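Student: Hi! Could you walk me through this one? I'd like to start with the ligand.

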Amino acid sequence: MFREPPPTAGLPLSWRDFLPSTASFEAELARFTGNTSTQITCSGTAAITLALATLKKTSTRRNVVIPAYTCPYVPLAVNRCGLNPVLCDTRAGHFDFDFARLKTICDQDTLAVMPTHLGGRVADLQAASDIARQAGAYVVEDAAQALGAMWQGQHVGSVGDVGCYSLGVGKGLTIYGGGAATAGDAKLQELLRITHDEIASLKLVWETRRILELAGYYLLYRPSGLKLAFGIPLRKHLRKNRLIEAAGDDCSPDFPLHRVGSWRKSIGTRALQRLPEFIAQTTIQALRRKSLLEAISGIQVLGDNPGDKGVWPYLLVLMPSEQARDKALATLWPAGFGVGRLFIHALPDYPYLSFAQTDTPNARDFAARTLTISNSPWLGEQDFKRICTVLEHSLA
Ligand SMILES: Cc1ncc(COP(=O)(O)O)c(C=O)c1O
């Protein structure tokens, strides 16, 4: 097989995106996300770092509560700010907080609570905000995987005190490495800007590298290029049983912090114009495929709460057992069908993170039973049917 879909539905670039644009990326992205301003950063991790470094200036509190199942870069960003990540277990069969636990965890040392919108699915912002406010803590939305999603008619990332997005490779909109932080409050907006100037300078080596990577993305982010760019390295990791690397979870505490140059911003501005249409198209495909998957007895596909409207980079599938999940993945993950895993572990189980706190049974169970199916338009109907057949057999 020479063609291969990507693991997530990313917006492909056009050669026209590389032409100059006079529009401001900050302003266009703010408009798209329902904010009045945005601060563009070099990654989603950098956006979270910026958000927390900014909030740290306003308080003596030092704890940041995060879900026990999220991207390992999140606790690394918390640490990088000299703050303490505190894990809250997730609710059963989900990535969102267990709110009864969250209530007992938040106290007078809690600087911020980070509800997280994973895989385009929308977290319960009301419950998280109520608990955070009661403890006098900020709400920082981690919308790294949910640019364009809506919570109760409001854009995710615009509801909490600060919202963070990723424009990393594989996200809906990418400038290869990029992100954004937003705040509704004018004082916080200004503080974000000042803090960004303090922590991120222009680093020419990084910016040149990202421009070359973005050009490579333009050339290879197509069914005929993804085998080379993604499939071959993935299968090499899988053969060696390097699951953390296969899932891209090998995160470093020395992540870069630098400014994004104007050319990449103008590429983002032009590509952003196509994002609403792309989201609409991929939503139709996702909802149809979600119901096909749910017709298989025992399979659950994560959806949204009433009133929420997420985006669909991939379908997040919860299998009835770890055995069934692993049986399906043994066939599907190496096969080039866009099937894989999200984060391999709950946060306490990454060898390179040192959490003393390990009482997160729901997060561990979620990590053990989930798999992802790409929602790329390049995953054809025949291949999707084959995925369904393998899932059915794995449950037999
Ligand atoms: C939930 C979450 N937060 C933060 C990040 C970090 O974003 P980035 O990879 O752009 O640094 C990611 C990355 O995928 C993520 O999934």
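Student: What is the make-up of the shell around the ligand by class?

Tutor: The shell has five nonpolar, nine polar and one charged residues. Here Ala, Val, Leu, Ile, Met, Phe, Trp, Tyr, Cys and Pro count as nonpolar, Asp, Glu, Lys and Arg as charged, and the others, Gly among them, as polar. This is a predicted model: local features need pLDDT of at least 70, side-chain atom pairs count only at pLDDT 80 or more, and totals for chains, interfaces and linings use all residues. Residues are numbered from 1 along each chain as its sequence is written.

Student: Which residues are the closest to the ligand?

Tutor: Of the 15 residues that surround the ligand, the closest are Gly44, Thr45, Cys71, Ser166 and Gly168 (near means a C-beta atom, placed from the backbone, within 6 Å).

Student: And which helices each supply at least two shell residues?

Tutor: α2 (44-56) and α3 (73-80) do. Helices are DSSP runs of H or I with at least four residues, and strands are runs of E with at least two, numbered from the N terminus.

Student: Switching topic, how is the chain divided?

Tutor: Into domain 1 (15-199) and domain 2 (275-395), with bounds from an automatic or database domain assignment. Their C-alpha centres lie 23 Å apart.

Student: How many residues does the contact take from each domain?

Tutor: The contact takes 29 residues from domain 1 and 31 residues from domain 2, counting C-beta atoms, placed from the backbone, within 7 Å.

Student: What does Val113 touch?

Tutor: Leaving out residues up to four places away in sequence, Val113 touches Val65, Cys106, Ala128, Ile131, Ala132, Ala137 and Val139.

Methods
Two residues are in contact if their C-beta atoms, placed from the backbone, lie within 7 Å.
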